[in-house]
Amino acid sequence: MEQKQRLAILGSTGSIGTQTLDIVAAYPERFEVTTLTAHRNWALLAEQAIRFQADSVVIADKNCYAPLKEALATHPIKVYAGDEALCQVVTSSSVDTVVMALVGYSGLFPTVEALRHGKKIALANKECLVVAGETVMDLSARHQAPILPVDSEHSAIFQCLVGEHSPIEKLILTASGGPFLHRPFEELDSVTPADALAHPCWDMGAKVTIDSASLMNKGFEVIEARWLFDVRPDQIEVVIHPGSYIHSMVQFADGAIKAQLGTPDMHLPIQYALTFPHRLPMQGERMDFGELGRMEFFKPDLRRSPNLQLAFECLQRGGNTGAILNAANEVAVEAFLNGKIRFTDIPRINRRTLDQATLLSRPSLEEYRETDTEARAIARSLL
Ligand code: MG
């Protein structure tokens, strides 16, 4: 038996994190947990750390350090707190793979540190590529640290590319269309956080579910795809596909199109990112084409999805525009979830922040940090 793969799971109490632990539990002879981290959910983090015999845990919010420390007092588990600790634990020589499932901008610097130390990354945090895609991919190449996509669309594309040696003509990203696909445009002004959190296909965290409803998530996935697969923006097409049976497709120079299909279940892309190039058996529902009958596709309506347009625009403009868009969107989504703005204000705040923030053509990591701070301040002033 080969050595176990030693995991650091950043964001272990979230949707991707808990599903990663399901896979560890199913294959204890293949995986072991070195480090688990959470933002604030110290109680679940402690429970997971005990169950999976982690060596260390990190709680990002320092206010939660004391109760976590106490919960683990009788266990041989090291307890750390704060963002610096997140960047530290990923560099440990007892970590082979970092499952990067932090939400938003917070994923960038731990990802950078992990890459600098040559760790394999199972990447569920698309924002680090939206903010600093060029820098992140450069680090991956320079340190021979592979990035395996966990995002279902990008995992699908990655699976379609296995065994291919020919250039990509086009990537076709599928989008479920979110919960408001069939609502008249005029009604989008009055949707509530609860409406937006009811996603028809995928079970995800709050931030990504709101981003799915606003199509910001799809826009971010376009940017993510551009960097992960090194294609031009005009080689990426988005098609609405309610039901999400096809997780995405690749078209080659001879016109052949490969697709990856399956029931929507994030366990599969997580497991594949960990076990590539192998597939392990997985329980779960299987597709039944006879039952399904038909699949639907249509073009996205850009009037309804200004966020998708903004993402393509940021790809064309490059520089720090992705970082501005991401920061504005994080502020806007939080304000929407707190009932401070309307759903349709999210793309408006994103657009106006992009118009006002300082543009940089080749930002350093430090300048990305400054961009993030400036764009958040602008977005907050627009609320
Ligand atoms: Mg996705």
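Me: Where in the structure is Gln144 placed?
Reply: Gln144 sits in the loop between H6 and E7; those labels are DSSP runs numbered from the N terminus (helices: H or I, at least four residues; strands: E, at least two). Its phi is near 45°, a positive value in a residue other than glycine. One caution on reading all this: the model is predicted, local features need pLDDT of at least 70, side-chain atom pairs count only at pLDDT 80 or more, and totals for chains, interfaces and linings use all residues. Residues are numbered from 1 along each chain as its sequence is written, and side-chain values use heavy atoms, with hydrogens and water left out.

Me: How do you know which residues belong to domain 1 and which to domain 2?
Reply: The bounds come from an automatic or database domain assignment. Domain 1 covers 5-149, and domain 2 is made of 154-263 + 298-317. Over C-alpha atoms, their centres are 26 Å apart. In the contact (heavy atoms within 4.5 Å), domain 1 takes part with 12 residues and domain 2 with 15 residues.

Me: What makes up the area buried between domain 1 and domain 2?
Reply: The two domains bury about 1,200 Å², with 73% of it on carbon and sulfur atoms. Buried area here is the accessible area (1.4 Å probe) that two parts lose on being put together, summed over both. On the domain 1 side, Lys126, Val130 and Pro149 give 46% of the area buried against domain 2, more than any other three residues.

Me: Why is the pair Glu127 and Lys207 called a salt bridge?
Reply: The term asks for a side-chain nitrogen of Lys or Arg within 4 Å of a carboxyl oxygen of Asp or Glu. Here the closest N and O atoms are 3.1 Å apart, so the pair qualifies. The rule finds 2 salt bridges across the interface of the two domains. H6 (127-142) and strand E7 (147-149) each bring at least two residues to the side of domain 1 that touches domain 2. H6 gives the largest share of that side, 6 residues.

Me: What does the pair Arg40 and Asp61 tie together?
Reply: Their closest N and O atoms are 2.9 Å apart, and they form a salt bridge. Arg40 is in the loop between strand E2 (31-38) and helix H2 (42-51), and Asp61 in the loop between strand E3 (56-59) and helix H3 (65-71), so the pair joins parts 21 residues apart in sequence. The whole structure holds 25 salt bridges.
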